[in-house]
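Please examine the sequence and the three-dimensional structure shown below. The explanation after them is meant to be read with both in view.

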Amino acid sequence: MSSEDAVREVAGRARAASHELATATRATKDAALHAMADALVASAADVLAANAEDVVRAEAAGTPANIVDRLRLDESRLEAMAQGLRDVAGLPDPVGEVLRGSTLANGLELRQVRVPFGVVGMIYEARPNVTADAAGICLKSGNAVLLRGSSSARSSNAAIVEAMRGAVGGSGLPEDVVQLVPGDTHDSVKALMRARGLVDVLIPRGGAGLIRSVVEESTVPVIETGVGNCHVYVDASADLEQALAVVLNSKTHRTSVCNAAESLLVHEDVADEFLPAVVEALQAAGVLIHGDSAFAEYDDVVPATDEDHAAEFLGLEISAAVVPDVEGAIAHIRRWSSGHTEAILARDQATIRRFVAAVDSAAVMVNASTRFTDGGEFGFGAEIGISTQKLHARGPMGLPEMTSSKYVVVGEGHVR
């Protein structure tokens, strides 16, 4: 069987399973989620052994340390995955929510209600926790899911999905609401991207290259997620001690995630005071600074290139520049941002209002770390990813964003 035939076969099974899942009660879906969580914990030995195989292969292949960190599981991370499924079970069910309704002048009753997409395809790199997260969020929102993780995590993903499928089947739902896409080559990814009519939406999670490839090659609608060239702007009106703490947290709290800061901008009026402190603090944390001429006056700061200003480093590196004012910061961000998250550190309210209004990104932080752009931190309970596009969903995508809507119109023999 060819890769395309194999993918279309599992997509067809997912389509059939999605019809039953779409009408499942909340109680049934929540029971399945709890069973999936319990199955992950019960299968910990098998999952961790499979993950160890993936980690050994990745390290032998010279995979960068930050990617290996994303790949690696331990008992605490596995328990966090299980708890994530339990948390999703505790969230409100979005399916059937009435978005708006009215009685029309002719007496027809009109309601717009949330409904599942149907079949969601996930294409993602390295992180096996996405396998459980995506399965749980899709199931709760009434969607069957086709999971295509990277070959680097194939053993981990197979063990996780095996545990979850058994749990779903034992809860009274079709096992095929959760499936791995067969195949390790790019042919299977291409087949998934071309399964229009069987797959309703694709969500890529990973680096810029992966997302660009899916967006450009897919015939299935795509929701872009995750590339994060996030900026932190320190204004002349900022509390500089507070600003230093926020810059450090944004950059160093966890470097391999899309909401980590990759670019620092500083108002020229506070550069003489702030640059010595921020350069020292960042370098003490192991951060390599790619700076403009003002930053490059400091030891061990390397000159910044256009590629540095555009980069999502996902490591202990940051680009940095001094700007003349908030308008200079806005112009820099408009040129280089990926539209994920930008932060301003300031006390002047007019400056804050100007920045918030003019910066066109999915999230804008005011006197807060970029690391807060996260579904859990926003109180959504879970997220499938962070959308950086503008259609349908933008920012952290929780359960409501994993639905579409339909209109239900009720009459009494009305004719037009």
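The paragraphs that follow treat the sheets, then individual residues within and around them.

This is a predicted model, in which local features need pLDDT of at least 70 and side-chain atom pairs count only at pLDDT 80 or more, while totals for chains, interfaces and linings use all residues. Residues are numbered from 1 along each chain as its sequence is written, and side-chain values use heavy atoms, with hydrogens and water left out.

We begin with an annotation. The UniProt record, an unreviewed entry, lists residues 4-313 as "domain: Aldehyde dehydrogenase"; UniProt positions are given here in the numbering used for this model, feature names are shortened, and annotations may be inferred rather than shown by experiment. In the model, this span is 50% helix and 16% strand, and its end C-alpha atoms lie 35 Å apart. Helices (H or I, at least four residues) and strands (E, at least two) are DSSP runs, numbered from the N terminus.

Two strands pair if DSSP finds at least two bridges between them. Strand β8 pairs in the parallel sense with strand β11 (residues 317-323) over five bridges, and Ser-263 has Ser-319 in β11 as its bridge partner.

How many residues of strand β8 are buried? Seven of the seven residues in β8 (residues 261-267) are buried, where buried means under 20% relative accessible area, exposed over 50%, and partly exposed in between (1.4 Å probe, protein chains only). Strand β8 is also joined to β7 by five bridges, and these two strands run parallel. Within that pairing, Val-232 has Leu-264 in β8 as its bridge partner.

Aromatic rings provide another kind of link. Rings of Phe, Tyr and Trp (its six-membered ring) pair if their centres lie within 6.5 Å; planes under 30 degrees apart count as stacked, over 60 as edge-to-face and the rest as tilted. By this rule the model has two aromatic pairs. Tyr-233 and Phe-355 form a stacked pair, 6.1 Å centre to centre with 15° between the planes. Tyr-233 belongs to strand β7 (residues 230-234) and Phe-355 to helix α14 (residues 349-358), so this pair ties together parts that are 122 residues apart in sequence. Both Tyr-233 and Phe-355 are buried. Phe-378 and Phe-380 form an edge-to-face pair, with 5.8 Å centre to centre and 85° between the planes. Phe-378 is partly exposed, with a relative accessible area of 35%, and Phe-380 is partly exposed at 36%.

Another open sheet has three strands in the order β1-β2-β16, with antiparallel pairing. Strands β1 (98-103) and β16 (403-410) stand at the edges with a single partner strand each, so one side of each is left without a neighbour in the sheet. The twist averages 20° from one strand to the next. Eight bridges join β2 to β16, and Pro-116 stands opposite Thr-403 in β16.

Gln-112 lies in strand β2 (residues 109-116) and is buried, with a relative accessible area of 12%. The side chain of Gln-112 makes a polar contact with the side chain of Ser-405 at 2.9 Å. A polar contact is a pair of N or O atoms within 3.5 Å; within protein, one must be able to donate a hydrogen and the other to accept it, and residues adjacent in sequence count only if both atoms are side-chain atoms.

Finally, consider the backbone. Most residues other than glycine have a negative phi. Leu-314, in the loop between α12 (306-310) and β11, has a positive phi of about 55° although it is not a glycine. Leu-314 is buried, with a relative accessible area of 14%.

Definitions and conventions: Axes are lines fitted to C-alpha atoms, for helices over the stretch in contact, and angles run from 0 to 180 degrees between N-to-C directions.
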